[in-house]
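Here are some questions about a predicted model. Each answer sets a value against the definition of the word used.

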Amino acid sequence: LLELNSVRSELWLSPRQKESAQHRVTSMYYEQIQHMEESAPAGALNEARSTNEGTANKPLQQLRITMMPKFCVRMQDFVRGKLSLRKKNEQYKPTPQEVSGFLASEKWDVSKAVQRLTKKREWKGKLGKLNIAEVAPSFRSNGYSVCLEGLRSREGLPIIYSHGMPLGNVESITKQTAYLHDRVMAAARYNPNCQDQIRSLVVINTTASSFRFPDRSIRKGGLEIVNKHYPWANKATTVFIGVPKPIQALFHMTKPIMGEMYNKFKFANNREDLLQYISPDNLPRQYGGEADWELEKYVQQRASTECCNVNL
């Protein structure tokens with residue numbers, strides 16, 4: 001019912017209303033950042049003024065000796081804080097598709113979408129800027145997810161390939177999840193098929209030994225991070241490779257319960273089934289296609305672009 005109401009609320013809005021909502025969210029978000037930057041110097045100066053008033057009766061020479069070091073220290077702390085804040089702000093700038101995604105997840109409630117963006121900004125500031133060097137070690141394991149950049153599904157959408165499920169602790173999987181979806185956003189930014197919202201096709205290889213029931217690391221570092229900061233990813237069409245047919249039969253029985261979500265999950269029993277969603281020239285050779293896409297080359301390309309060293 002919640003999903004149906006969300007779809008209805010979105011259908012009620014005209015394209016012009018949606019665009020207006022996006023502009024309002026973006027402007028309100030950056031106004032909050034500007035307010036945070038401008039409030040810092042006022043606090044520092046007010047603290048310095050209050051200290052000056054408390055020592056107004058001292059001789060001028062003594063006041064200079066006493067107050068100047070304190071005032072300089074406070075101003076240094078303020079400048080460092082402001083530069084750090086500005087650096088964090090420059091680190092995270094939401095794209096129009098991202099703003100639209102948060103609006104859709106909040107049923108086009110502008111104030112709630114702004115809150116989600118603000119929380120994501122704080123989270124990204126704590127997480128820091130990620131690069132391929134921090135997630136590449138996961139590609140050596142039997143469980144990882146990667147955006148097949150440069151390749152597209154038959155609908156023209158970015159493709160995510162998941163070899164089983166990511167391995168590692170909560171912190172490691174959090175970084176893997178964030179880097180993966182940031183790359184998906186980059187692939188979708190100038191994609192004409194993702195102008196309204198970020199969309200993708202997810203392919204999960206369930207035959208890998210790392211495929212399992214979601215443990216704590218997957219729940220905390222994967223599912224919860226996606227729900228909080230990349231909610232549009234939950235609406236992606238997901239193709240499962242190698243699911244036993246008895247399990248597929250049980251899944252089909254849940255159709256009345258799952259509703260619209262049921263249509264988001266597909267099964268591929270062989271290469272021909274997978275080619276219904278991805279053309280041969282967009283499917284890497286190692287997965288049975290014809291595309292000249294290799295994981296090692298991709299890692300080296302990202303390392304060169306991000307100016308870091310990686311050895312697989």
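Q: Why is Cys 308 called buried?
A: Cys 308 has a relative accessible area of 15%. Buried means under 20%, so Cys 308 is buried.

Q: How do you know that the sulfur of Cys 308 is too far from the closest cysteine sulfur for a bond?
A: The closest cysteine sulfur belongs to Cys 307 and is 7.8 Å away. A disulfide needs the two sulfur atoms within 2.5 Å, so this pair is too far apart for a bond. A search of the whole structure finds zero disulfides.

Q: What makes Cys 147 buried?
A: The relative accessible area of Cys 147 is 2%. The cut-off for buried is under 20%, so Cys 147 counts as buried.

Q: Why is strand S1 called mostly covered?
A: Strand S1 spans residues 144–152, and seven of its nine residues are buried.

Q: How do you know that S1 and strand S2 pair?
A: Pairing takes at least two bridges between the strands. S1 and S2 (residues 158–163) have five bridges, in the antiparallel sense. Ser 145, for instance, has Ser 162 in S2 as its bridge partner.

Q: What lies 3.2 Å from a polar atom of the side chain of Ser 217?
A: That is the backbone oxygen of Gly 168. Gly 168 is also among the residues in contact with Ser 217, as are Asn 169 and Val 170.

Key: Residues are numbered from 1 along each chain as its sequence is written. This is a predicted model: local features need pLDDT of at least 70, side-chain atom pairs count only at pLDDT 80 or more; totals for chains, interfaces and linings use all residues. Side-chain values use heavy atoms; hydrogens and water are left out. A polar contact is a pair of N or O atoms within 3.5 Å; within protein, one must be able to donate a hydrogen and the other to accept it, and residues adjacent in sequence count only if both atoms are side-chain atoms. Contact means heavy atoms within 4.5 Å. Buried means under 20% relative accessible area, exposed over 50%, partly exposed in between (1.4 Å probe, protein chains only). Helices (H or I, at least four residues) and strands (E, at least two) are DSSP runs, numbered from the N terminus. Lists of a residue's contacts leave out its neighbours within four places in sequence.
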